[in-house]
Amino acid sequence: MLVDIIRPPVRILLKLFYRIEYLGRERIPKSGSLIICANHTSYIDPFLLGAMCDRPIYFMAKKELFHIPVLAWLVRILNGFPVDRDNPDRKAIRESIELLKQGKVLGLFPEGTRHKDGKLGPAYHGVSLIALKTGVPILPVAILGANKIMPPGAKLPRFPKIRMKAGQLIRVDGLKRDKGDKESLLLKITDLIMGELERLLSEMGVL
């Protein structure tokens with residue numbers, strides 16, 4: 001796949017320009033279905049996750065990007081598929097579930113949109129819903145520094161140090177046996193994800 005070909009040179013460029021540091025890469029399972037979820041502060045976040053993981057990652061991307069020629073090409077290179085963020089998108093959910101059934105890695109951003117200040121925003125339950133339907137484990141990954149590449153008002157990109165850290169794997173199989181309605185389970189999983197992202201960012205000195 002093209003992603004496997006471009007990953008090594010992308011890693012070199014990220015190391016050269018952004019002194020990128022990967023922490024906890026050994027926690028990324030080498031096989032089996034997996035959901036990687038990360039905080040979202042920059043358009044470059046999917047590239048960063050793709051460089052960190054040795055396996056191809058499939059991403060949901062807002063459908064508007066597929067109508068912009070150059071961006072659409074880049075999104076497809078990153079194994080992106082469209083999602084309608086303004087309405088419940090059952091097709092995107094079904095495609096996510098099918099990819100996971102095939103043993104692939106799905107990359108998601110629980111916040112649903114970028115938060116340029118680098119802080120965590122409120123999370124949606126999309127990641128939790130997909131995990132609950134498939135029983136696939138979730139690996140939170142915190143990204144620090146990407147929002148400083150093009151801060152508000154900047155006309156040219158900057159070159160901050162970027163750090164990434166993989167957290168503890170969250171398994172949902174046990175949670176599915178808990179008593180309670182579906183909404184409470186979704187909330188519990190979302191809280192676990194965001195709590196782990198908050199912990200990772202705090203360890204890296206941002207919270």
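Contact here means heavy atoms within 4.5 Å. With that in hand, welcome to this predicted model, in which local features need pLDDT of at least 70, side-chain atom pairs count only at pLDDT 80 or more, and totals for chains, interfaces and linings use all residues. Residues are numbered from 1 along each chain as its sequence is written, and side-chain values use heavy atoms, leaving out hydrogens and water.

Let's start inside. A nonpolar core is a set of buried (under 20% relative accessible area, 1.4 Å probe, protein chains only) Ala, Val, Leu, Ile, Met, Phe, Trp, Tyr and Cys residues joined through side-chain atoms within 4.5 Å. The largest one has 33 residues, and I35 is among those touching the most other members. Helix α6 gives this core its largest share, 8 residues.

Now for a helix pair (helices are DSSP runs of H or I, at least four residues, numbered from the N terminus).

| Helix | Residues | Contact residues |
|---|---|---|
| α1 | 2-18 | R7, V10, R11, L14 |
| α2 | 45-52 | L48, G50, A51, M52 |

They pack at about 110 degrees, with axes (lines fitted to C-alpha atoms over the stretch in contact) 9 Å apart. That makes α1 roughly perpendicular to α2 (65 to 115 degrees).

How values were computed: Axes are lines fitted to C-alpha atoms, for helices over the stretch in contact, and angles run from 0 to 180 degrees between N-to-C directions. Helices (H or I, at least four residues) and strands (E, at least two) are DSSP runs, numbered from the N terminus. Angles under 35 degrees count as roughly parallel, over 145 as roughly antiparallel, 65 to 115 as roughly perpendicular and the rest as oblique. Buried means under 20% relative accessible area, exposed over 50%, partly exposed in between (1.4 Å probe, protein chains only).
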